[in-house]
Amino acid sequence: MSEKMVPLSISELLGRMTKEYAERGTVFGVEDMFRRGEHLARVAEITKSTADKTLHIFGEKLEIPVGPAAGPHTQMAQNIISAYIGGARFFELKTVQIMDGEELARCIARPCIKADDEGYNCEWSTELTVPQAYEEYVKAWCVLKVISEAYGLGETDGFVFNMSVGYDLEGIKSEKIDAFIEGLKDASGRPIFYECKQALKDYFPEYSELIDEISPQICRSVTLSTLHGCPPDEIERIATYLL
């Protein structure tokens with residue numbers, strides 16, 4: 001295993017995913033694919049109720065209130081895709097901060113998760129650079145919009161992405177993090193968004209109309225992550241700024 005995480009291009013990601021699905025019916029090793037329609041049928045059978053269980057949060061629709069919190073597992077697009085296929089619908093994306101890449105690597109033990117016998121999380125934030133993390137989230141968002149329909153997993157608007165930022169106000173206000181926040185609020189001007197849509201059309205040409213309609217509004221909500229001991233007034237300043 002390499003010391004460094006190296007993101008896959010959207011074309012390589014889709015190539016691996018679609019080939020595995022065609023040959024084995026699995027995606028990134030996930031065998032038991034969660035299909036919401038089947039889940040609702042089982043729930044209705046048990047509860048004798050056909051009431052719609054869809055929830056609404058932050059102005060978005062959420063099929064199921066389950067999903068991964070921000071962590072090393074939500075750094076990479078393929079992990080977010082795997083979580084969705086397993087039934088997750090609310091995704092708190094891995095926290096980003098102004099210190100990233102090589103600068104962060106010099107300050108923390110690597111890899112961030114060491115699990116020879118017991119597991120220890122010794123990292124601060126994403127091991128990727130902020131621009132790399134941004135692109136991973138755009139890839140995952142676009143892919144989920146398509147496979148939700150193509151693989152019969154759920155509604156195309158039935159999941160929520162929630163960005164996570166830290167760790168102090170000055171860092172969050174920096175040009176780097178501001179570009180990250182604004183890009184997740186609206187990805188329409190970013191090259192990776194169009195690159196993803198074009199690659200998806202190459203692999204899912206029958207869903208071109210759906211792909212054209214993928215919303216560039218990836219995140220409408222944010223989670224604040226602070227370090228232990230962060231003063232309450234600093235938290236208040238950050239929250240006020242984000243609002």
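1. Helix H8 (residues 191–203) has 13 residues and spans 19 Å between its first and last C-alpha, close to the 18 Å expected at 1.5 Å a residue, the expected span being 1.5 Å times one less than the number of residues. Helices (H or I, at least four residues) and strands (E, at least two) are DSSP runs numbered from the N terminus.

2. This is a predicted model, in which local features need pLDDT of at least 70 and side-chain atom pairs count only at pLDDT 80 or more, while totals for chains, interfaces and linings use all residues. Residues are numbered from 1 along each chain as its sequence is written, and side-chain values use heavy atoms, with hydrogens and water left out.

3. The buried residues of H8 are Ile192, Phe193, Cys196, Lys197, Ala199 and Leu200, where buried means under 20% relative accessible area, exposed over 50% and partly exposed in between (1.4 Å probe, protein chains only). They lie on the same side of H8 because they cover an arc of only 165° around the axis, the arc being that of the directions from the helix axis to the C-beta atoms.

4. Pro191 and Asp202 are exposed on the face of H8 turned away from its buried side. The cover over the buried residues of H8 includes helix H1 (10–24), helix H5 (130–150) and helix H9 (208–212), by contact, meaning heavy atoms within 4.5 Å.

5. Across the protein there are ten helices and seven strands, and buried residues make up 44% of the 243 residues.
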